[in-house]
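This report concerns strand pairing and ring contacts in one protein model. Please consult the sequence and structure shown here.

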Amino acid sequence: MGQWLSEKLGQPVVVDNRPGASGNVATEFVTKATPDGYSLLLSMSSNAINASLYQHLNFNFMQDTAPVASISLIPLVMDVNPAVPAKSVPEFIDYVKANPGKVNLASSGVGTPLYVAGALFKMMTGLTMLDVNYQGEAGAMPDLLGGQVQAMFGVMPASLGYIKSGQLRALAVTSKKRQELMPDVPAMDEYVPGYEASGWYGVSAPKGTPADIVQILNKQVNAGLADAGVRKRLDDLGCNVFSGAPDDFAKFVAAETDKWAKVIKFANIKVD
């Protein structure tokens with residue numbers, strides 16, 4: 001998207017990676033930047049989660065940023081080790097209930113999108129599983145493949161190869177609908193009505209960025225999402241195009257923030 005905007009706006013778009021605190025370092029930098037359209041944030045699902053996960057942030061994401069445009073939704077997939085006898089979500093639910101304390105659920109770390117996807121599943125099904133948290137999905141995958149943990153909500157592209165080779169079994173995708181990459185894998189909503197836990201990306205600007213600048217940026221982001229080349233690149237990354245107006249993005253972020261706040265409170269999720 002940075003390359004697309006650079007070409008269409010006639011100005012270099014520099015991607016400035018500022019890792020740390022699950023995206024909070026980068027987010028705070030943008031909220032404190034001059035609201036002139038030259039500092040933008042690649043906002044993501046972590047921003048909605050972090051709003052209630054972290055108690056002492058120096059910013060309020062929804063109040064201190066201006067929504068520009070949504071970019072994509074990233075579906076997750078519920079993977080299980082083939083040693084787990086369940087072939088479907090209902091069978092998995094029955095298996096966990098019949099084997100209390102024996103099913104471990106891996107995640108990429110407390111409070112990450114993969115973690116809260118699992119917490120939402122447990123909240124909506126009433127299941128109890130032991131959370132086993134790793135430093136990133138790459139750290140969890142070897143133990144899932146080896147059977148040290150039994151299940152994980154993983155990013156679909158990262159799991160796809162293992163699923164196709166039979167090293168993992170996919171029980172459901174976490175999007176509202178089935179995915180083209182795995183058309184035979186049901187959506188979780190088919191078994192747990194109302195369940196949805198996709199990751200997402202969008203563009204946000206500092207609060208106070210002029211509306212005309214926001215509209216120019218929104219127009220160009222949406223033009224990129226309509227371009228066949230950009231769409232193919234997103235498809236290759238396992239992302240679903242998610243376009244709309246700034247107000248649409250604002251409403252979406254508000255709903256996501258509210259949803260994850262309820263899950264975090266229910267699961268009593270805390271970070272140091």
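How many bridges join strand 1 to strand 8? Four bridges join strand 1 (residues 41–44) to strand 8, and these strands run antiparallel; Ser-43 has Gly-202 in strand 8 as its bridge partner. The model is predicted, with local features requiring pLDDT of at least 70 and side-chain atom pairs pLDDT 80 or more, while totals for chains, interfaces and linings use all residues. Residues are numbered from 1 along each chain as its sequence is written, and side-chain values use heavy atoms, with hydrogens and water left out.

Strands (E, at least two residues) and helices (H or I, at least four) are DSSP runs numbered from the N terminus; two strands pair if DSSP finds at least two bridges between them. Strand 2 (residues 65–74) also pairs with strand 8 in the antiparallel sense, over eight bridges, and Ala-66 has Ala-205 as its partner there. Seven of the eight residues of strand 8 (residues 199–206) are buried, so this strand is largely enclosed by the rest of the structure. Buried means under 20% relative accessible area, with exposed over 50% and partly exposed in between (1.4 Å probe, protein chains only).

Rings of Phe, Tyr and Trp (its six-membered ring) pair if their centres lie within 6.5 Å; planes under 30 degrees apart count as stacked, over 60 as edge-to-face and the rest as tilted.

| Pair | Centre distance | Plane angle and class |
|---|---|---|
| Phe-92 and Phe-121 | 6.4 Å | 45 degrees, tilted |
| Phe-242 and Phe-252 | 4.8 Å | 65 degrees, edge-to-face |

Phe-92 and Phe-121 are both buried. Ring pairs link Phe-92, Phe-121, Phe-153 and Tyr-195 into a cluster.
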